[in-house]
Amino acid sequence: QVQLVESGGGLVQAGGSLRLSCAASGIIFSIKTMAWYRQAPGKQREMGASISSGYSTNYADAVKGRFTISRDNVKSTVYLQMNSLKPEDTAVYLCYTNNWRDYWGQGTQVTVSS
C-alpha cells in the first residue's frame with residue numbers, strides 16, 4: 001500500500017523559510033520521480049517542483065530560484081526547501097508520485113503572511 005505523508009507546513013512571514021518533508025512507503029522509492037504540487041483556494045492544482053530518480057529537477061517559473069527539491073533514498077523522503085516566501089505561495093502543498101497510478105499525500109498547509 002502506497003503512502004505519502006507530508007509534514008513541515010505552517011505559518012510564516014513573507015521573506016521567511018520553511019522545509020517540507022514527504023515520507024514515502026509502499027514503493028521502490030529510489031526509482032520513482034517525486035513531485036510537490038500546491039493548491040491555493042479557488043485555484044487549480046499546480047506542479048511546483050519535481051525530482052527524478054537520477055536527481056534531475058524541474059521547477060515552476062513561480063518558484064524557480066526560491067525553492068529547492070531534494071531527496072534522500074535511504075530515508076525514502078523527498079524535501080522541499082522554500083525560501084523567500086511570498087503571500088502568493090500560500091497553499092496546501094501535496095506530495096505526488098506515480099506507481100501504476102497517481103498517488104497523493106494528504107497535504108500540508110503553508111500560510112505566508114504579508
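Reply: A residue counts as buried when its relative accessible area is under 20%, as exposed when that value is over 50%, and as partly exposed in between. Tyr96 has a relative accessible area of 16%, so Tyr96 is buried. Trp104 has 33% relative accessibility, so Trp104 is partly exposed. Keep in mind that the model is predicted.

Now the cluster itself. Tyr37, Tyr96 and Trp104 form one aromatic cluster. The structure holds 3 aromatic pairs. One of them joins Tyr37 and Tyr96: the ring centres are 5.5 Å apart and the planes meet at 65°, so this pair is edge-to-face. It links distant parts of the chain. Tyr37 sits in strand E4 (residues 34-39), Tyr96 in strand E9 (residues 91-98), and 59 residues separate the two. Tyr96 also pairs with Trp104. Here the centres are 4.8 Å apart and the planes are at 50°, so the pair is tilted.

Next, the setting. The chain has 11 strands and 0 helices. Buried residues make up 44% of its 114 residues. A compact globule with 114 residues would have a radius of gyration near 13 Å, and the chain agrees, at 13 Å. The C-alpha trace spans about 40 × 25 × 20 Å along its principal axes. Among contacts between residues at least 6 apart in sequence, 52% join residues at least 24 apart. The accessible surface comes to about 6,100 Å², with 48% belonging to carbon and sulfur atoms.

Technical notes: Residues are numbered from 1 along each chain as its sequence is written. This is a predicted model: local features need pLDDT of at least 70, side-chain atom pairs count only at pLDDT 80 or more; totals for chains, interfaces and linings use all residues. Side-chain values use heavy atoms; hydrogens and water are left out. Helices (H or I, at least four residues) and strands (E, at least two) are DSSP runs, numbered from the N terminus. The radius of gyration is taken over C-alpha atoms; the globule rule is 2.2 Å times the number of residues to the power 0.38. Buried means under 20% relative accessible area, exposed over 50%, partly exposed in between (1.4 Å probe, protein chains only). Contact means heavy atoms within 4.5 Å. Accessible areas come from the Shrake-Rupley method with a 1.4 Å probe; for residues, only the protein chains shown count as cover. Rings of Phe, Tyr and Trp (its six-membered ring) pair if their centres lie within 6.5 Å; planes under 30 degrees apart count as stacked, over 60 as edge-to-face and the rest as tilted.
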